[in-house]
Amino acid sequence: MLEEIRSKIVTFHESGFSNSEILKRLKNDKVNPMLIYRTIKRYVETGSVSDRKRIGRPRSARTPALKNSVRCRILRNPRRSMRKMSREFCVNHETMRKLVVEDLGMKSYKRKNVHHLNDSIRRKRLERCIQLKARFAPGTEDQILFSDEKLFTVEEASNRQNDRILASRSQDIPDSIKYIDRVQKPLSLMVWAGVSADSRTNLIFVPQGVKINSQTYRELVLEPEIASAGEKLLQNHPWTYQQDSAPAHASKVSQSWFREQNIDFISKDEWLPSSPDLNPLDYSVWANLESRACAKSHKSLESLKVSLLSEWQKIPQEELGKAVHQFRSRLTSVIHKKGGYIE
């Protein structure tokens with residue numbers, strides 16, 4: 001494979017193409033500029049694209065036999081630890097890392113938690129994505145007011161991948177920042193919000209102990225926020241309300257309310273089931289707000305509420321608009337994946 005790519009590089013070089021032009025023509029072969037430079041240099045100096053005769057002692061660790069054994073093990077079970085394999089083959093961990101990354105061209109990827117999709121849901125996602133993409137032409141996603149609810153707790157939000165502390169020794173780190181306190185049932189607030197490309201609603205806090213049903217949804221959200229959203233948020237331009245298929249949203253009472261108010265909306269039979277990857281609040285906005293408002297733990301719900309209200313207004317509208325503008329491209333991605341996962 002490598003010899004074939006090198007031959008292509010030399011062919012283009014002899015035809016008068018520059019290195020940058022060769023890079024563009026071999027884009028699908030995942031060729032990097034350094035490979036092009038070294039191949040041409042080798043060809044000019046030796047008249048061949050074959051590897052130069054090596055000097056020094058031969059490899060004793062990253063041998064072809066070891067490489068083949070590691071490849072076979074990974075093919076049988078890709079969920080293998082490089083550190084564990086280095087112990088199994090009695091080689092240095094760095095040797096194993098170089099063998100897997102450089103020789104086998106593999107990377108370590110994290111497994112992801114995703115929403116459940118079965119065959120029926122995949123079919124519905126595909127069908128409804130096609131319908132929504134036809135309904136909302138390019139640019140019209142600006143007219144959609146997306147909505148959602150999220151449960152926030154008083155605990156500190158933490159990103160296990162990127163939350164790091166710099167110190168000379170672990171013992172030097174104060175306990176106050178070294179550990180993140182967690183309890184079994186932390187105090188929490190259910191919050192509703194809506195966003196569009198150019199505006200945002202107020203945050204609505206669901207009172208403690210109140211269950212979201214058709215009546216409370218209408219009293220807390222629809223009548224105070226959505227009934228006047230066209231005038232207050234969208235300057236009387238044509239607009240559409242989006243909500244998921246939660247029972248309070250999908251009930252006949254809630255669906256009828258929109259028709260009575262002459263508000264265009266995405267009905268329960270139009271929105272996709274199990275699709276947080278298509279709601280800007282789910283795939284972007286909530287995480288942004290949580291990282292801001294819950295950067296440290298709160299001693300009370302009132303403290304959490306004040307922080308949420310403050311940070312909600314500090315999020316630049318450009319960030320909200322950028323998330324909303326991903327909607328159509330995400331519809332396209334779901335269509336390409338036949339209703340499957342896109343993240």
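Helices (H or I, at least four residues) and strands (E, at least two) are DSSP runs, numbered from the N terminus. The model you have open is predicted: local features need pLDDT of at least 70, side-chain atom pairs count only at pLDDT 80 or more, and totals for chains, interfaces and linings use all residues. Residues are numbered from 1 along each chain as its sequence is written, and side-chain values use heavy atoms, with hydrogens and water left out.

**Stop 1: a loop residue**

Select C90. It sits in the loop between α5 (82-88) and α6 (93-103). Is C90 buried or exposed? C90 has a relative accessible area of 71%, so it is exposed. The cut-offs are these: buried is under 20% relative accessible area, exposed is over 50%, and partly exposed is in between (1.4 Å probe, protein chains only). Now check the backbone. The phi of C90 is positive, near 60 degrees, and C90 is not a glycine. Most residues other than glycine have a negative phi.

**Stop 2: another loop**

Move to N262. Look for it in the loop between α12 (252-260) and α13 (280-293). N262 has a positive phi too, about 55 degrees, although it is not a glycine. Its relative accessible area is 70%, so N262 is exposed.

**Stop 3: aromatic rings**

Next, show the rings of Phe, Tyr and Trp (its six-membered ring). Two rings pair if their centres lie within 6.5 Å; planes under 30 degrees apart count as stacked, over 60 as edge-to-face and the rest as tilted. By this rule there are seven aromatic pairs. Select F146 and F327, one of these pairs. Why is this pair edge-to-face? The ring centres of F146 and F327 are 5.1 Å apart and the planes stand at 65 degrees, so the pair is edge-to-face. The pair joins distant parts of the chain: F146 is in strand β1 (residues 144-153) and F327 is in helix α16 (residues 327-336), 181 residues apart. Both F146 and F327 are buried.

Now pick F258 and F265. This aromatic pair is stacked, with 4.8 Å centre to centre and 20 degrees between the planes. F258 has a relative accessible area of 0%, so it is buried. F265 is at 9%, so it counts as buried too. Y241, W257, F258 and F265 form one aromatic cluster.

**Stop 4: charges over rings**

A charge sits over a ring if NZ of Lys or CZ of Arg is within 6 Å of the ring centre and within 35 degrees of the ring normal. Select K150 and F152. The charged end of K150 sits over the F152 ring, 5.4 Å from its centre. Finish with R200 and W312. Here the charged end of R200 sits over the W312 ring, 5.9 Å from its centre.
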